[in-house]
Amino acid sequence: MNDDDFRLFRICEVCRILTLSRTSLWRLRRSDSTFPATLGLTSGRVGIRRSELAAWLRARK
């Protein structure tokens, strides 16, 4: 394991990477069961593991 396995993107960063609005990201997360799960960071703030998002993006190509 390396450091990237533990690093997280906040939801706003995921939206920027995927060029989606928060609402579109929410819809994608609901409709695509392969989308990486979110992890709770603090109350009201969640993130997605960078390594899982990268793997999901590779699998979509």
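A residue counts as buried when its relative accessible area is under 20% and as exposed when that area is over 50%. The legends below apply these terms to a predicted model.

**View 1. The aromatic pair of Phe 35 and Trp 56.** A search of the whole structure finds 1 aromatic pair. Its members are Phe 35 and Trp 56, whose rings are arranged edge-to-face, 4.7 Å from centre to centre and with 75° between their planes. Phe 35 belongs to the loop between α2 and β2, whereas Trp 56 belongs to helix α3 (residues 50-60), so the pair ties together parts that are 21 residues apart in sequence. Trp 56 has a relative accessible area of 7% and is therefore buried. Phe 35 likewise counts as buried, because its relative accessibility is 7%.

View 2. Asp 32 is found in the loop that joins α2 to β2 (39-42). Is this residue buried or exposed? Asp 32 counts as buried, because its relative accessibility is 16%, and the limit for this class is under 20%. The side chain of Asp 32 makes a polar contact with the side chain of Thr 34, at 2.5 Å. When neighbours within four places in sequence are left aside, Asp 32 is in contact with Trp 56 and Arg 60. Trp 56 is also a member of the aromatic pair with Phe 35.

**View 3. The packing of helices α1 and α2.** Helix α1 comprises residues 11-18 and helix α2 comprises residues 22-31; the two pack at an angle of about 90°, with their axes 10 Å apart. This angle makes α1 roughly perpendicular to α2, because angles from 65 to 115 degrees are placed in that class. Which residues of the two helices meet? From α1 come Ile 11, Cys 12, Val 14, Cys 15 and Leu 18, and from α2 come Arg 22, Leu 25 and Leu 28. By class, this contact has 7 nonpolar residues, no polar residues and 1 charged residue.

View 4. Thr 19 has its place in the loop between α1 and α2. Although Thr 19 is not a glycine, its phi is positive, at about 50°. Is Thr 19 buried or exposed? The relative accessible area of Thr 19 is 69%, so this residue is exposed, the limit for that class being over 50%. Trp 56, by contrast, is buried, with a relative accessible area of 7%.

Notes: Residues numbered from 1 in each chain as written. Predicted model: local features only at pLDDT ≥ 70, side-chain atom pairs only at ≥ 80, totals over all residues. Heavy atoms only, no water. Axes fitted to C-alpha atoms, helices over the stretch in contact; angles between N-to-C directions. Helix = DSSP H or I, 4+ residues; strand = E, 2+ residues; numbered from the N terminus. Parallel < 35°, antiparallel > 145°, perpendicular 65-115°, else oblique. Contact = heavy atoms within 4.5 Å. Nonpolar A, V, L, I, M, F, W, Y, C, P; charged D, E, K, R; others polar. Buried < 20%, exposed > 50% of the residue type's maximum accessible area, 1.4 Å probe, protein only. Polar contact = N/O pair within 3.5 Å; in protein donor to acceptor, adjacent residues only side chain to side chain. Phe/Tyr/Trp six-rings, centres within 6.5 Å; stacked < 30°, edge-to-face > 60°.
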